[in-house]
Structure formats: structure tokens, C-alpha cells
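Welcome, and please have your viewer ready. We will go from one selection to the next and look at what is there.

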Amino acid sequence: MLPVKKPKRHYHTLEEIRLRKEELAAEIQQDNTKFSALWHQTFIKREGSTKGEYFSGLIANSITAIDAFLLIRKLMKNYGGIFGFSSKKSKKKH
């Protein structure tokens, strides 16, 4: 949640300040409740997956890794000179 800029309020009495303080405390408590619920949902232990789900996830991750490797290889081949890697090997003189 991004902070929202609210217009500044001008308080004239201590009672107005106390009321605003109570409002803010209630808002903070609500936000705290939401965040703690989201935090606990993040770390819920999931049910065990079947062998089929396990293998499909394994294959999907493998394909993603191979695709990333091929993409990096292609980028380094075409744009390696920018990063200090030359695409042509220099020949050593004897």
C-alpha cells in the first residue's frame, strides 16, 4: 500500500488533537491486522503435490532455465563487446 498524501489539518484545541490521535491509532491497528493476515498467508504450509504435479513443475523449471541460458548466450554473442567481452577471439602472435 502506497502512502497517500492528505491535506494538512489545522488543530485549534487539544481535544481535536486527541481525536485525531485516536483515529490514527485505529487506522494503524486495522493496517496491522491486514499485514499480519497477509504475512501468515505467505508462510502457510501447502498440501503435498502429486507426482504428476512435481514432474510438470520440474519440466517447466528446466525449460525456463534452458531458455534463460540460450537468451544470455545470444545476447553475449551479439552485444558482448559492450560489456568488455569480445565476440572474436584474438590470435596470439608467436
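**Stop one: a pair in helix H1**

Select Arg18 and Glu15, whose side chains meet in a salt bridge with an N to O distance of 3.9 Å. Keep in mind that you are looking at a predicted model. The two residues are three apart in helix H1, so about one helical turn separates them. Arg18 is partly exposed at 48% relative accessible area, and Glu15 is partly exposed as well, at 46%.

**Stop two: a salt-bridge network**

Next, select Arg9, Arg20 and Glu23, which are linked in a network of salt bridges. Begin with Glu23 and Arg20, where the closest N and O atoms are 3.2 Å apart. These two are three residues apart in helix H1, about one helical turn. Now turn to the salt bridge between Glu23 and Arg9, at 3.6 Å from N to O. Glu23 lies in helix H1 and Arg9 in the segment before H1, so this pair ties together parts 14 residues apart in sequence.

Is Arg20 buried or exposed? Arg20 is buried, because its relative accessible area of 15% falls under the 20% cut-off. Glu23, at 37%, counts as partly exposed.

Beyond its neighbours within four places in sequence, Arg20 is in contact with Arg9, Tyr11 and Glu27.

**Stop three: a nonpolar patch**

Finally, select Leu71, Leu75, Tyr79 and Ile82, which form a nonpolar surface patch with about 430 Å² of accessible area together. Leu75 sits in helix H2, residues 51-79, and is partly exposed at 41% relative accessibility.

Note on methods
Residues are numbered from 1 along each chain as its sequence is written. This is a predicted model: local features need pLDDT of at least 70, side-chain atom pairs count only at pLDDT 80 or more; totals for chains, interfaces and linings use all residues. Side-chain values use heavy atoms; hydrogens and water are left out. Patches are made of residues with over 30% relative accessible area and no salt bridge: like charges are joined within 9 Å, nonpolar side chains (Val, Leu, Ile, Met, Phe, Trp, Tyr) within 5 Å. Accessible areas come from the Shrake-Rupley method with a 1.4 Å probe; for residues, only the protein chains shown count as cover. A salt bridge is a side-chain nitrogen of Lys or Arg within 4 Å of a carboxyl oxygen of Asp or Glu. Helices (H or I, at least four residues) and strands (E, at least two) are DSSP runs, numbered from the N terminus. Buried means under 20% relative accessible area, exposed over 50%, partly exposed in between (1.4 Å probe, protein chains only). Contact means heavy atoms within 4.5 Å.
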